Number of protein chains: 2
Amino acid sequence: MRYPAAETAEKHIRILEAAGSAYREKGFSGVSVSEIMKATGLTHGPFYNHFNSKEALIAEALQHISDGTVNLTDGFEASEQGKADFVRAYLSEEHCNGSGNGCLMASLGPEIAREPTYKPTFTRHVTGIISRMVERFPWSSKARARKEALRTLAAMVGAIVLARAVDDDELANEILDGVAEGLAKSDRP
Amino acid sequence: MRYPAAETAEKHIRILEAAGSAYREKGFSGVSVSEIMKATGLTHGPFYNHFNSKEALIAEALQHISDGTVNLTDGFEASEQGKADFVRAYLSEEHCNGSGNGCLMASLGPEIAREPTYKPTFTRHVTGIISRMVERFPWSSKARARKEALRTLAAMVGAIVLARAVDDDELANEILDGVAEGLAKSDRP
DNA sequence: TGTACATCAGTGAACGCGCGTTCACTGATGTAC
DNA sequence: TGTACATCAGTGAACGCGCGTTCACTGATGTAC
């Protein structure tokens with residue numbers, strides 16, 4: 001049957017958000033179209049009223065994730081303390097244990113690396129994050145800011161990737177805390 | 001038909017190596033059992049003479065990859081220069097572009113994080129790498145060695161994950177070089 | 001050393017299953033008059 | 001404002017496909033005598 005026009009746009013977003021969470025939690029091939037539609041409260045049929053293919057959904061979902069997370073630095077003070085808080089929040093147990101609404105790069109980086117289609121969105125996401133880090137937080141000099149920011153980002157992403165894949169909570173926390181501690185101080189004191 | 005006994009063990013290893021490369025390049029779900037057997041020069045049938053399931057193959061292949069890569073530090077001098085060379089080799093364009101015989105953590109970390117079965121092997125791999133880095137390379141003090149080593153490892157893994165998923169060679173090299181340069185100097189000078 | 005036979009890694013057709021995708025159909029909404 | 005009809009997001013059965021897995025069969029190897 002026909003549905004109110006307003007609902008359609010809202011459902012489109014609900015699909016994107018269910019997809020974004022599921023993909024970050026289970027990977028692209030770990031989630032079926034039906035599963036996503038079910039999470040949205042629909043059957044799988046109308047999926048193709050919203051998207052041309054699963055690939056198109058992934059592309060749009062990645063952009064949606066990026067839009068929602070690229071400016072996470074904004075919630076933190078523009079100070080050394082703010083930078084430390086940002087790093088700590090990223091390297092928290094909550095973020096480590098809950099990938100569903102967490103970092104795109106740490107959850108899907110390697111899978112995106114294998115799919116040229118998704119790389120442009122990812123690239124814009126990375127450059128977006130880096131430039132926001134550069135602008136918001138203090139760095140040892142303007143000339144070094146970008147280099148220090150991307151070093152910080154690489155360490156953050158690597159720490160989450162390692163901590164999540166490790167079976168040993170103590171080791172996971174050692175990695176998270178060790179890296180956070182190293183980054184909370186300025187990059188090169 | 002029956003085959004010489006020596007060939008069987010050798011084929012088992014050939015399967016493991018084909019699988020190890022394919023999984024690092026394409027991910028667990030990006031490679032079929034048939035594809036791996038074809039790469040070994042066989043049909044898919046005898047797969048179950050060697051392994052109980054695809055899952056069992058993955059588990060064994062991960063261990064095989066770890067065995068072959070956990071001691072990569074051994075090829076480098078036990079000096080500041082050796083550490084810099086190790087980091088540079090890891091963050092080289094060759095490693096970035098060729099995941100097939102590269103780092104397990106950067107290629108499969110997030111996928112392993114989703115599969116509890118594979119985490120113990122991964123955990124041993126990580127602890128193995130860290131302790132070899134600690135033992136071989138100079139660190140600012142014995143007490144800080146382990147913390148500095150895992151910070152170095154996290155930055156290395158994160159840099160490769162980001163550089164590989166990015167569409168822009170210039171940005172990829174900026175990440176690889178920027179992180180390598182940061183790690184080549186001692187961790188906290 | 002020669003012969004007869006059991007072994008078992010190989011072949012390739014076949015299986016069920018879940019996936020992405022398609023489609024005939026439904027019926028409340030929105031629109032034309 | 002009321003009625004008649006076109007619209008189109010929904011339903012759910014059905015499709016082909018590739019996957020992991022199974023199995024009856026093959027035939028050179030290794031072994032017993």
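A polar contact is a pair of N or O atoms within 3.5 Å; within protein, one must be able to donate a hydrogen and the other to accept it, and residues adjacent in sequence count only if both atoms are side-chain atoms.

**Ground rules**

I am working with a predicted model, in which local features need pLDDT of at least 70 and side-chain atom pairs count only at pLDDT 80 or more, while totals for chains, interfaces and linings use all residues. Residues are numbered from 1 along each chain as its sequence is written, chains are lettered from A and ligands numbered from 1 in the order in which they are written, and side-chain values use heavy atoms, with hydrogens and water left out.

**Entry 1: chain A by itself**

I looked up the helices and strands, which are DSSP runs numbered from the N terminus (helices are H or I with at least four residues, strands are E with at least two). Chain A has 10 helices and zero strands. I took the box along the principal axes, and the C-alpha atoms of chain A fill roughly 65 × 35 × 30 Å.

Next I looked for salt bridges, meaning a side-chain nitrogen of Lys or Arg within 4 Å of a carboxyl oxygen of Asp or Glu. Side chains of opposite charge can pair when their charged atoms come close. The search of the whole structure gave me 20 salt bridges over all chains. One that I checked joins E80(A) to K83(A), with the closest N and O atoms 3.4 Å apart. Why do E80(A) and K83(A) sit about one helical turn apart? They are separated in this way because they are three residues apart in helix α5 (residues 80-90) of chain A.

**Entry 2: the two domains of chain A**

I found chain A divided into domain 1 (5-65) and domain 2 (70-186); such bounds come from an automatic or database domain assignment. The C-alpha centres of the two domains of chain A lie 26 Å apart. I counted contact as heavy atoms within 4.5 Å, and 14 residues of domain 1 of chain A are in contact with 13 residues of domain 2 of chain A.

For area I used buried area, the accessible area (1.4 Å probe) that two parts lose on being put together, summed over both. Between domain 1 and domain 2 of chain A it is about 1,200 Å², and carbon and sulfur atoms give 61% of that. R24(A), F28(A) and L62(A) supply 51% of the area that domain 1 of chain A buries against domain 2 of chain A, more than any other three residues.

I then looked for pairs across this interface. The rule finds zero salt bridges between domain 1 and domain 2 of chain A, but six residue pairs are in polar contact (both at pLDDT 80 or more). On the side of domain 1 of chain A that touches domain 2 of chain A, α1 (5-26) and α4 (54-69) of chain A are the elements that give two or more residues. α4(A) gives the most to that side, with six residues.

**Entry 3: chain A against chain B**

The contact takes 51 residues from chain A and 50 residues from chain B. I noted a buried area of about 3,900 Å² between chain A and chain B, with 62% from carbon and sulfur atoms. How many salt bridges are there between chain A and chain B? The count is eight. I looked at a salt bridge between E181(B) and K147(A), whose closest N and O atoms are 2.9 Å apart. The largest share of the side of chain A that touches chain B comes from α9(A), with 15 residues.

**Entry 4: DNA strand C**

I took a residue as near the strand if one of its heavy atoms lies within 4 Å of it. Of the 23 residues around DNA strand C, R2(A), Y48(A), M1(B), K11(B) and T43(B) come nearest. Sugar and phosphate account for 56% of the atoms of DNA strand C that come within 4 Å of the protein.

I checked individual atoms last. A side-chain N or O atom of Y48(A) is 2.4 Å from a phosphate oxygen of DNA strand C. K11(B) has a polar side-chain atom 2.9 Å from a phosphate oxygen of DNA strand C. For H44(A), a polar side-chain atom lies 3.2 Å from a base oxygen of DNA strand C.
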